[in-house]
Amino acid sequence: MQNITRIYALSKRNVILRYKNSLVGFFWGFFKPLLYLLIFIIIFKQNSGIPHYILFVTSGLILWFFFSNVTGQSVGSVVGSSGLLKALNIPAYFFPLSETLSELFNLVLTIIVFLIIMNWGGLVYSPRLLLIVPCIILFAVFALGLNLLLCSVNVFFRDIGIIWGTIQPALFFLTPIGYPESNIAPHYRIFMKCNPIYYFIKLGRGIFYDTTPPSMHLWMECIIIAVGMYIIGQFVFNRLKNQFISAI
Amino acid sequence: MSQDTIIKIENVTISFWQNNVGVYSLKDLITQRKSPFKTKTILHDICLDVKRGDSLGILGRNGSGKSTLLRTIAGIIKPQKGTVTVNGSFAPILAIGAGLELELTGYENITLLLALYGTARRNTNAVDNIREFSELSDEVLRMPVKQYSSGMVARLAFSISLANDSDILIIDEVLAVGDQGFQAKCADKINQLKAAGTTILFVSHFPEGVLKICNNAILMEGGHITHRGTAQEICKDYQMLF
């Protein structure tokens with residue numbers, strides 16, 4: 001119970017810090033996806049032949065930006081909390097966890113706005129939309145696993161943050177967000193299939209956009225990737241955590 | 001463990017991985033082909049008993065392992081060897097301003113630290129007590145901590161750590177920064193707590209401070225406790241070092 005209060009307090013701090021000193025606060029979060037949406041419309045819309053293109057892109061973009069923000073924030077979360085970690089007996093995993101939770105809170109708000117606006121973009125309201133809840137939980141578990149990995153290794157090698165910032169755009173373009181999967185030639189699809197984000201974006205799109213709901217097969221793939229990533233992240237984190245204090 | 005021993009440390013050894021010189025990034029690791037870490041032992045086989053209600057001064061040169069010892073006692077660092085047994089609760093260790101979030105206001109820092117420490121639910125007046133003790137005005141507490149002077153930061157940090165009503169108070173060089181009035185006030189408060197039975201661990205580089213607050217003291221050198229005794233004896237030994 002006390003731990004829940006502590007994680008809540010840290011998550012709240014993240015939300016406050018994020019919007020501190022900004023005039024439009026929460027709405028900054030929409031600015032980046034909107035800009036990308038605009039770029040995609042200019043470049044890809046005409047040749048894509050995709051009906052309801054805006055809904056198609058936006059459903060991918062909101063999930064991608066959750067992922068990109070949460071990993072970007074979490075990489076430095078342990079290093080950045082050195083003051084608290086050295087002053088209080090507080091488990092280090094609270095920091096990546098609270099970053100993930102505060103970003104998840106943000107995603108929920110974004111999805112609510114998305115659901116309201118996208119009615120105009122061709123979104124069909126149906127009970128199927130409720131499937132987004134397990135979908136974002138799975139995606140968050142995956143992100144938490146990756147965050148645990150990144151933030152613990154970053155304590156010892158500080159260029160992890162920079163390397164991750166370089167890999168991210170590559171991952172973004174490898175993920176079919178602004179273009180359909182069929183745009184990638186069959187012999188290159190292996191790259192797409194190796195990209196774990198692809199499965200979560202596909203799952204989200206299956207809920208928001210496609211005419212048929214996501215297959216059981218896809219759900220299983222997402223569960224395996226999410227749990228697998230979490231186990232790897234937790235394992236590495238546990239191996240390294242006793243050495244954090246001396247290195248931060 | 002007998003009733004009146006509050007902290008018992010047995011054969012504790014702490015070692016850290018230390019970055020090998022020049023290997024701080026993956027790039028260095030690849031280009032320099034050195035093992036990235038070497039193990040460095042900070043505390044060697046430390047044994048220490050602290051009695052309930054005692055006030056112990058910890059003296060020593062920079063880098064002799066004083067802060068590591070405090071953090072080990074507080075459970076922040078887990079020993080590789082040996083055991084630490086503590087029969088009481090801690091206030092957060094506040095070295096000068098560490099643990100305060102610079103971008104947050106004074107009030108936000110207070111609520112955050114109280115929640116992290118778990119005091120918020122036990123003591124609803126905690127925020128008022130902190131404001132009163134720190135003598136910082138409402139206006140100041142609404143400002144982000146980054147705009148504070150170092151003395152104001154020390155006031156806030158010290159007041160928060162005192163708000164916790166804990167059995168053990170750990171003080172790591174906090175008093176050096178506040179103005180004379182506040183230093184006197186802190187010393188008074190520490191003596192009050194001492195009279196009420198709080199155990200105090202006090203790290204300082206100023207023997208005068210240790211003499212004022214502590215009955216007993218230890219002197220540390222290179223990760224060993226080299227001298228133990230009354231505060232007077234140890235302060236003399238400490239001054240012999242230089």
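Apart from residues up to four places away in sequence, Ile58(B) touches Lys66(B), Leu69(B), Leu201(B), Phe202(B), Val203(B), Ile218(B) and Met220(B). These contacts are read from a predicted model, for which the predictor reports an ipTM of 0.83 and a pTM of 0.89 for the complex. Within chain B the mean pLDDT is 84, and 90% of the residues score at least 70. Where pLDDT is low, the predicted coordinates should not be read in detail.

Ile58(B) also belongs to the largest nonpolar core, which comprises 128 residues and in which Phe200(A), Ile58(B), Ile170(B), Leu201(B), Phe202(B) and Ala217(B) touch the most other members. The element that gives the most to this core is helix α7 (residues 132–156) of chain A, with 15 residues. Two of these core residues, Leu201(B) and Phe202(B), are also among the residues touched by Ile58(B).

Ile218(B), another residue in contact with Ile58(B), has Arg228(B) in β8(B) as its bridge partner. Strand β7 (residues 216–221) of chain B is joined to strand β8 (residues 224–230) of chain B by six bridges, and the two strands run antiparallel. Together β7(B) and β8(B) form a hairpin with two residues between them, and Gly222(B), located in the turn, has a positive phi of about 50°.

Elsewhere in chain B, three strands in the order β2-β1-β4 make up an open sheet with antiparallel pairing. Its edge strands are β2 (37–51) and β4 (81–86) of chain B, each of which pairs on one side only, and neighbouring strands of the sheet are turned against each other by 25° on average, direction ignored. The antiparallel pairing of β1(B) with β2(B) extends over eleven bridges, and on this side of the sheet Phe16(B) stands opposite Lys40(B) in β2(B). Strand β1 (residues 5–19) of chain B is joined to β4(B) by five bridges, again in an antiparallel arrangement, with Lys8(B) standing opposite Thr85(B) in β4(B). Helix α2 (residues 66–73) of chain B lies across β1, β2 and β4 of chain B and runs at about 65° to β2(B).

Between the chains, 24 residues of chain A are in contact with 28 residues of chain B. On the side of chain A that touches chain B, the elements that give two or more residues are α1 (2–19), α5 (82–87) and α12 (244–247) of chain A, and α1(A) gives the most, with seven residues. By class, this side of chain A has eleven nonpolar, seven polar and six charged residues.

Within chain A, Thr58(A) lies in helix α3 (residues 53–74) of chain A. Thr58(A) is classed as buried because 24 other C-beta atoms lie within 10 Å, the cut-off for a buried residue being 20 or more. When its neighbours within four places in sequence are left aside, Thr58(A) is in contact with Leu37(A), Phe114(A), Met118(A) and Gly121(A). Thr58(A) and Val133(A), by comparison, are 75 residues apart in sequence and 17 Å apart in space, C-alpha to C-alpha.

Key: Residues numbered from 1 in each chain as written. Chains lettered and ligands numbered in written order. Predicted model: local features only at pLDDT ≥ 70, side-chain atom pairs only at ≥ 80, totals over all residues. Core = buried A, V, L, I, M, F, W, Y, C linked by C-beta atoms within 7 Å. Buried ≥ 20, exposed ≤ 12 C-beta atoms within 10 Å, placed from the backbone. Helix = DSSP H or I, 4+ residues; strand = E, 2+ residues; numbered from the N terminus. Contact = placed C-beta atoms within 7 Å. pLDDT = per-residue confidence, 0-100. Nonpolar A, V, L, I, M, F, W, Y, C, P; charged D, E, K, R; others polar. Pairing = 2+ DSSP bridges. Axes fitted to C-alpha atoms, helices over the stretch in contact; angles between N-to-C directions.
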